[in-house]
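Trainee: Could you take me through this structure and say, for each label, which criterion stands behind it?

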Amino acid sequence: MGDSHIFGYEKGSETVGTIVPGELTINTMSGKITSESTNLAASATDTITLYNSRIGVSSLVMVTPSSAGGCKPFVYEAVPSSGYVTIGVQNMASSACTSAYTLSFWVVN
């Protein structure tokens with residue numbers, strides 16, 4: 001990772017809705033989530049459930065947009081529970097997304 005002092009974390013990636021709409025499973029400490037929606041309307045929201053065996057009720061799950069998909073995805077919540085986190089995303093743009101957006105996450109216990 002170049003000059004980074006953080007290394008050795010497990011990482012994975014998956015697309016939301018591959019098996020169940022609105023849901024995905026990535027059992028790693030960090031990773032990349034690709035949205036199911038490719039045309040999220042202006043001001044509309046997505047709710048994503050990420051199942052992950054590393055997540056507990058007291059976990060800190062940091063989620064941030066990593067590509068915009070032609071819009072402005074904003075993560076407004078990431079609520080951890082035992083074995084999963086519920087992520088809320090809103091398109092803050094004045095127009096719909098033109099493609100899927102991606103989110104990056106990191107689980108800290």
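What follows is a conversation that sets computed values against the definitions behind them.

Mentor: This is a predicted model, in which local features need pLDDT of at least 70 and side-chain atom pairs count only at pLDDT 80 or more, while totals for chains, interfaces and linings use all residues. Residues are numbered from 1 along each chain as its sequence is written, and side-chain values use heavy atoms, with hydrogens and water left out.

Trainee: How many helices and strands does the protein chain have, and what makes a run count as one of them?

Mentor: The protein chain has zero helices and eight strands, where helices (H or I, at least four residues) and strands (E, at least two) are DSSP runs numbered from the N terminus. Read from that terminus, the order of elements is β-β-β-β-β-β-β-β.

Trainee: Which order do the strands of the open four-stranded sheet have, and what makes two strands a pair?

Mentor: The order is β2-β4-β7-β6, with mixed pairing, and two strands pair if DSSP finds at least two bridges between them. β2 (23–25) and β6 stand at the edges with a single partner strand each, so one side of each is left without a neighbour in the sheet.

Trainee: Which strands does β3 pair with?

Mentor: β3 pairs with strand β1 (residues 11–15) in the parallel sense over five bridges, K11 standing opposite S30. β3 is also joined to β8 by five antiparallel bridges, with G31 opposite F105.

Trainee: Why does S81 count as buried, and where does it sit?

Mentor: Buried means under 20% relative accessible area, exposed over 50% and partly exposed in between (1.4 Å probe, protein chains only), and S81, at 18%, therefore counts as buried. S81 belongs to strand β6 (residues 73–81), and its bridge partner in β7 is Y84. Not counting residues up to four places away in sequence, S81 touches I55, G56 and V57, a contact being heavy atoms within 4.5 Å.

Trainee: Why is the pair of Y51 and Y84 called tilted?

Mentor: Rings of Phe, Tyr and Trp (its six-membered ring) pair if their centres lie within 6.5 Å, with planes under 30 degrees apart counted as stacked, over 60 as edge-to-face and the rest as tilted. A search of the whole structure finds one aromatic pair: the centres of Y51 and Y84 are 5.7 Å apart and their planes stand at 50°, so the pair is tilted. Y51 lies in strand β4 and Y84 in strand β7, so the pair ties together parts that are 33 residues apart in sequence. Y51 is partly exposed, with a relative accessible area of 32%, and Y84 is partly exposed at 29%.

Trainee: How do you know that C71 and C97 form a disulfide?

Mentor: A disulfide is a pair of cysteine sulfur atoms within 2.5 Å, and the sulfur atoms of C71 and C97 are 2.0 Å apart, giving the one disulfide that the structure holds. With 65° about the S-S bond, this link is right-handed. C71 lies in the loop between β5 (60–67) and β6, and C97 in the loop between β7 (84–91) and β8 (102–108), so the pair ties together parts that are 26 residues apart in sequence. Both C71 and C97 are buried.
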